[in-house]
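I opened the model to look up a few strands and a pocket. My notes follow the structure.

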Amino acid sequence: MTLAVRIIPCLDVTQGRVVKGVNFTNLIDAGDPVEMAALYGAEGADELTFLDISASSSGRDTTLDVVRRTAEQVFIPLTVGGGIRTVQDVDRLLRAGADKVSINTAAITRPELIAEIADRFGSQVLVLSIDARRARTVSGFEVTTHGGRESANLDALEWVQRACALGIGEILLNSMDADGTRAGYDTGMIAAVRAVSKVPLIASGGAGGLEDFAAALDAGADALLAASVFHFGIHRISDVKSFLGAQSYPVRNSTSL
Amino acid sequence: MIAILDYGSGNLRSAQRAFATSGFDVVLTSDTKTAQEADGLVVPGVGAFAACMRGLDAIDGANIIRTRLSAERPTIGICIGMQILFSLGDENSQGQAHSGVGIWPGVVSKLSAEILPHMGWNTVETPKNTQLFAGVEDSSFYFVHSYAAKDGPGQMQTWSTYGERFVSAVEDGYMSATQFHPEKSGDAGLALIKNWSRSL
C-alpha cells in the first residue's frame with residue numbers, strides 16, 4: 001500500500017461562522033464551522049482547512065476559539081490560514097489546536113517569516129499558500145494578492161523555489177483563473193509547480209466534476225482541496241473517494257471501522 | 001491518570017482530548033513526579049530531533065522515561081517522541097548524529113523518498129499478536145515526518161512504506177511508540193489509544 005491521496009474541504013470562516021453559502025443538509029446549523037468540521041470528518045475528510053477571512057483582531061480571536069473547539073472533537077489534521085504575520089500568530093494557533101498553518105501575503109511581504117516559522121516549529125507545520133494565475137512572466141504563471149485582484153510582481157515558479165529553500169513543508173496552489181469556475185483544476189500550473197518542488201502539493205481552485213480530481217492527481221498533486229462542490233452538496237467526500245478508488249488511486253477508506 | 005509530557009510549544013490540546021476518550025483523566029505536565037507516577041505517560045514530539053532532546057533534557061525527561069520503565073509503568077512516544085527513544089538521530093546533524101534517549105538501538109535517518117515530508121494517511125503491516133493495533137490492523141494512520149528508523153529494535157514492530165520500509169510502531173513491553181499521530185488518525189487512532197490504555 002502507498003500513501004493515500006488527501007481530500008481536503010476548505011471552510012472560509014469569519015466572526016465564528018462559515019461564510020460561503022452552504023446547503024447540504026437541514027439537520028445541522030450548516031453555518032457553524034465546528035459542526036461542519038465534525039460532519040466532514042465523519043464523511044471521511046482526510047484533513048480540514050479553515051481560512052480566516054476576518055478583517056479585525058476580534059474576528060481572529062473568535063477564530064482561535066473555533067480552532068480550540070474543533071480540535072476538541074475532530075481528530076484529523078487541521079490547517080488554519082489567513083492573517084498570519086508573525087511567529088507569535090503561529091504559536092497561538094498551534095496552542096489552540098491547529099496542526100499546520102498556511103501563510104500567503106505575509107510571506108510575500110517578508111520571506112524571512114518562512115525561515116522563522118520553520119526554525120521554531122519545524123517545516124511540517126508550514127503550508128505556503130499561493131494564489132497564482134496565468135500571466136506573461138518568465139514561467140507563464142504569476143503570484144497575486146488580494147484574492148487575485150492584484151499582481152505581486154512575482155513569478156510563481158521562482159517564488160515556489162525560493163520558499164522551498166527557506167523551509168516550507170507543503171504548498172497549497174490556488175488557481176485564481178480556475179477558482180470558483182468548477183471547470184477543473186489548472187493542471188498545467190500543477191505540473192509546472194510539481195516539476196520545481198519536492199514538498200507535498202495541494203491543488204486548489206476549479207474542482208467541478210469528479211474527473212477533475214483525477215486530472216489534478218495525474219498532473220502531480222498529492223492532495224486535493226475544494227470548497228463549493230462540498231458545501232453545495234454537489235459531491236460528497238465519499239463520492240470523490242469512491243470515484244478515485246475505483247480508478248486505482250490510493251484513497252483512505254475511513255468506513256472500515 | 002494519563003500524563004502528557006509538556007516540554008515545549010506545539011499542539012498538545014488534541015492529544016489531551018484524544019487520550020481522554022479512553023476514559024482516563026489526562027493532564028499536561030512537565031513535573032517529574034507527576035510524569036513518573038502517572039498510570040500512563042505520553043511523550044509527544046516537539047520540533048526537530050535535537051530540539052526535542054533539548055526540551056526533554058530541560059525537564060530530565062530521559063530519566064523520567066527510564067524510571068517508569070524500571071517501575072513497569074506504560075509509556076508511549078509519538079512521532080519525534082518515538083524517534084528520540086532510539087540511540088541516534090541524524091536530523092540536521094552535519095555528520096555527527098545527535099544522541100537520543102537510547103531505549104532502543106539504531107539510527108533515525110532521512111527517508112529515501114522523492115517528496116518529503118511523508119505527509120498523510122498510510123497503512124501499516126502489524127506483527128501477529130499486536131495489542132496496539134487490535135481491530136485496526138487494516139486502517140490507515142496519519143503521518144508527518146521526514147526521518148524514521150529503518151531497522152527494527154528487535155521487538156514487536158510495525159512497518160510502513162514510503163519510498164522505503166520504515167518502523168511505524170513498536171510494542172516493547174511497557175514501552176510503546178508510533179511514528180504516526182494516533183491523536184490525528186480519526187477513529188482508527190482513537191481505537192489504538194484505547195488499546196494502549198487497556199495496558200494501564
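I call a residue buried under 20% relative accessible area, exposed over 50% and partly exposed in between, with a 1.4 Å probe and protein chains only. Helices (H or I, at least four residues) and strands (E, at least two) are DSSP runs, numbered from the N terminus.

The model is predicted: local features need pLDDT of at least 70, side-chain atom pairs count only at pLDDT 80 or more, and totals for chains, interfaces and linings use all residues. Residues are numbered from 1 along each chain as its sequence is written, chains are lettered from A and ligands numbered from 1 in the order in which they are written, and side-chain values use heavy atoms, without hydrogens and water.

**Entry: strand E7, chain A**

I checked strand E7 (residues 141-145) of chain A for burial. Five of its five residues are buried, so E7(A) is largely enclosed by the rest of the structure. Both faces are covered: Phe141(A), Val143(A) and Thr145(A) lie on one side, Glu142(A) and Thr144(A) on the other.

Next I looked up its partners; two strands pair if DSSP finds at least two bridges between them. Strand E6 (residues 126-134) of chain A runs antiparallel to E7(A), joined by three bridges. Ala132(A) has Val143(A) as its bridge partner. Six residues separate E6(A) and E7(A) in a hairpin, and Gly140(A) in the turn has a positive phi of about 95 degrees.

Strand E8 (residues 150-155) of chain A is also antiparallel to E7(A), again with three bridges. Here I found Thr144(A) opposite Ser151(A). This hairpin has four residues between its strands, and His146(A) in the turn has a positive phi of about 55 degrees.

**Entry: sheet in chain B**

I then traced an open sheet of seven strands in chain B. Its order is E2-E1-E3-E4-E13-E12-E11, with mixed pairing. Strands E2 (26-29) and E11 (156-162) of chain B are the edges, each pairing on one side only.

Inside the sheet, strand E3 (residues 40-43) of chain B runs parallel to strand E4 (residues 75-78) of chain B, with three bridges. Val42(B) has Ile76(B) as its bridge partner.

**Entry: second largest pocket**

I took a pocket as an open set of points on a 1 Å grid over the protein atoms alone, where a 1.4 Å probe fits, with protein on both sides within 12 Å along at least five of seven lines; lining residues have an atom within 4 Å of a point. Of the 42 residues lining the second largest pocket, those closest to its centre are Leu51(A), Ile53(A), Asn104(A), Ser129(A) and Asp131(A).
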